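Dear colleague,

I am passing on the structure that we spoke about, together with some notes on what was found in it. Please keep it open beside you as you read.

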There are 2 protein chains.
Amino acid sequence: MLILNQKEIWSVLSFEEALTAMEEAFQLFEAGDFHMPDRMHAHHGDNTLLLMPCFTDQFFGTKLVSVNPENPKKNLPSIYGSMILNDGKSGEALSLMNGAALTAFRTGAVGGIGIKYTTPENADSAGIIGTGVQGFTQALFACRVRPIKKLYVFDMQQSKANEFISKLQKKLLDVNIKACINNRELVEKSQIIITATTSKQAVIPDDAELLKGKHFIGIGSYKPDMHEFPAQLYPLLNKLYVDTPFAKEETGDVATALKETLIDDSQVTPISKLVTLGKPTNESTSLFKSVGMALLDVVMAQKMYTRALELNIGTKIKI
Amino acid sequence: MLILNQKEIWSVLSFEEALTAMEEAFQLFEAGDFHMPDRMHAHHGDNTLLLMPCFTDQFFGTKLVSVNPENPKKNLPSIYGSMILNDGKSGEALSLMNGAALTAFRTGAVGGIGIKYTTPENADSAGIIGTGVQGFTQALFACRVRPIKKLYVFDMQQSKANEFISKLQKKLLDVNIKACINNRELVEKSQIIITATTSKQAVIPDDAELLKGKHFIGIGSYKPDMHEFPAQLYPLLNKLYVDTPFAKEETGDVATALKETLIDDSQVTPISKLVTLGKPTNESTSLFKSVGMALLDVVMAQKMYTRALELNIGTKIKI
């Protein structure tokens, strides 16, 4: 069995390989070549354990994620995860991976796919709202898929934004990275705007004139009571792209917009449609909203496993 | 994170520690100090993936078991398993264990508990029907809880029985182990009879006179269409002891007997009642039927984890 830890998860695939893996996952999704049972939620007190299995042709995998909201008070991450990857034919367990790192890395890649298929090819400015792990990863992938020269950052806590920028600058030497004084300034200056917060209210000004012509990538809100986008964005959209149709139930950014008829159900479109056609949209204003699904995890995990064996990365143990 | 492989799983706890662990699990069961969500079945073609989480006070664990019926044709085990044990407070993954070995070992211990609480203390003869891994483990635990001097073995395949005996004799030097020509001879000669087959029909003669005064431990049948015990056994029973009330649905040995009113629902009794009282029953004819449950796995896993840390057993990895 091959163990891939946090560091190995981040190093085994190149950004390009990760993006290709997610394109393959979306192609599988469109073709229906997978089996993804409903995920299982187990609650115990305030804590939640999510079990997310998915079967592809050659493999199956189960991501186990625990969410313990009290952890940050003890200086621990609120989310821990493990990924078990199995041989699809025999069922033998092939790999154990750090599930939190896998999730972060593949979510970065999915954001990258959103940018690749819904934003102008020559976009050279982007803004990041939210300076956690996910904001960081999104920035790295954004700069791989678009020739970003200017990157804007906003966080309610100025000190967090500054720390984020100094860390990010080391990874993106050719990019001019600047903090904004508020979200309005960030949206004004950026062609692509990526949100990666856990906000329960819009983190973008509710101003159609400001939003027109902009390209939004929503990463943060993953619950029906969370949302990051304002009401005036939706009437500007032709389609609302999602990574999975489950987004209609799972995130307030889609569920609430549907409920308030800001957008019609028929406009909600899986990004897999664009990926399969191999043709980015050229809509003037766009939104791609990601919530994640087990298929994306298992496809990324199987790519990592295969590549790790080739590169001799990870720890082999006899189980 | 601590990895415990097959060999380590079999060596980390003594038989006595394993039996104590299962007594503690049954005490938790009786007290209700646990949370065991319904297990999740995911089917993909002929293969099944079972996800079995359970929360106790200090830990939670998830056993992932895959059942691939075509494996034996390729000389592979049909069942593979992984156990992930987590810290109950933070959710951090603490250990990965070989789930097949964990299941086999704890099922042996559960059978041992059945013998301890439902058979005469001085029983010195036992019979094993079925010579797989589970028959082997049951024999070892049986000889720990009762002063067994004579052990009888029956398998439809004589050669398998002989191989089993020669392997078992090395572990049980003081026990006289013999093969029987049929199941009738085995039941005649044994006070305790352990069945560990995957049969879909009774593996014991349907003869009340033969069965009277005998003590049966049912390990094999774990599906509604499987059973090991004959109709004439049930009217001889005062109670039918089970490791979990789910046995009423999960095994033909209980489900079919209830359906055919061979036994009344009120007679089906969790063994945890006896364990909590600390008082073995002294019924003249008895049946204990085990089907297993996630609580037993997680309690065994947490004992193994704690003891492995003390004894410095296993492989520590950074995940």
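In which helix is Ala308(A) found? Ala308(A) is found in helix H11 of chain A, residues 294–311, where helices (H or I, at least four residues) and strands (E, at least two) are DSSP runs numbered from the N terminus. Before going further, please note that this is a predicted model, in which local features need pLDDT of at least 70 and side-chain atom pairs count only at pLDDT 80 or more, while totals for chains, interfaces and linings use all residues. Residues are numbered from 1 along each chain as its sequence is written, chains are lettered from A and ligands numbered from 1 in the order in which they are written, and side-chain values use heavy atoms, with hydrogens and water left out.

To return to Ala308(A), this residue is buried, with a relative accessible area of 1% (buried means under 20% relative accessible area, exposed over 50%, and partly exposed in between, with a 1.4 Å probe and protein chains only). Leaving aside neighbours within four places in sequence, Ala308(A) is in contact with Leu2(A), Leu4(A), Val12(A) and Ile313(A), contact being heavy atoms within 4.5 Å. Although Ala308(A) and Leu4(A) are 304 residues apart in sequence, their C-alpha atoms are 8.3 Å apart in space.

Helix H5 of chain A (residues 158–171) has 14 residues and reaches 20 Å from its first C-alpha to its last, close to the 20 Å expected, the expected span being 1.5 Å times one less than the number of residues. Ala161(A), Phe164(A), Ile165(A) and Leu168(A) are buried in H5(A). Seen down the helix axis, the buried residues of H5(A) fall within an arc of 105 degrees (taken from the directions from the axis to the C-beta atoms), so they line one face of the helix. On the other side of H5(A), Ser159(A), Glu163(A), Lys167(A) and Lys170(A) are exposed. The cover over the buried residues of H5(A) includes strands E7 (125–129), E8 (150–154) and E9 (176–179) and helix H4 (133–145) of chain A.

As for how the chains are arranged, a rotation of 180 degrees with 0.0 Å of shift along its axis superposes chain B on chain A, with an RMSD of 0.0 Å (by least squares on the C-alpha atoms of residues with pLDDT of at least 70 in both). The two copies are thus related as by a two-fold rotation axis. In the interface, 41 residues of chain B are in contact with 41 residues of chain A, and Met40(B), His44(B) and Ile319(B) supply 18% of the area that chain B buries against chain A, more than any other three residues. Between them the chains bury about 3,200 Å², 69% of it on carbon and sulfur atoms, buried area being the accessible area (1.4 Å probe) that two parts lose on being put together, summed over both. Because 100% of the interface residues of chain B are also interface residues in chain A, the copies meet through the same surface.

Ser82(B), in strand E5 (residues 79–87) of chain B, is buried, with a relative accessible area of 4%. Not counting residues up to four places away in sequence, Ser82(B) touches residues that include Ile84(A) and Ala93(A) as well as Thr62(B) and Leu96(B).

With kind regards
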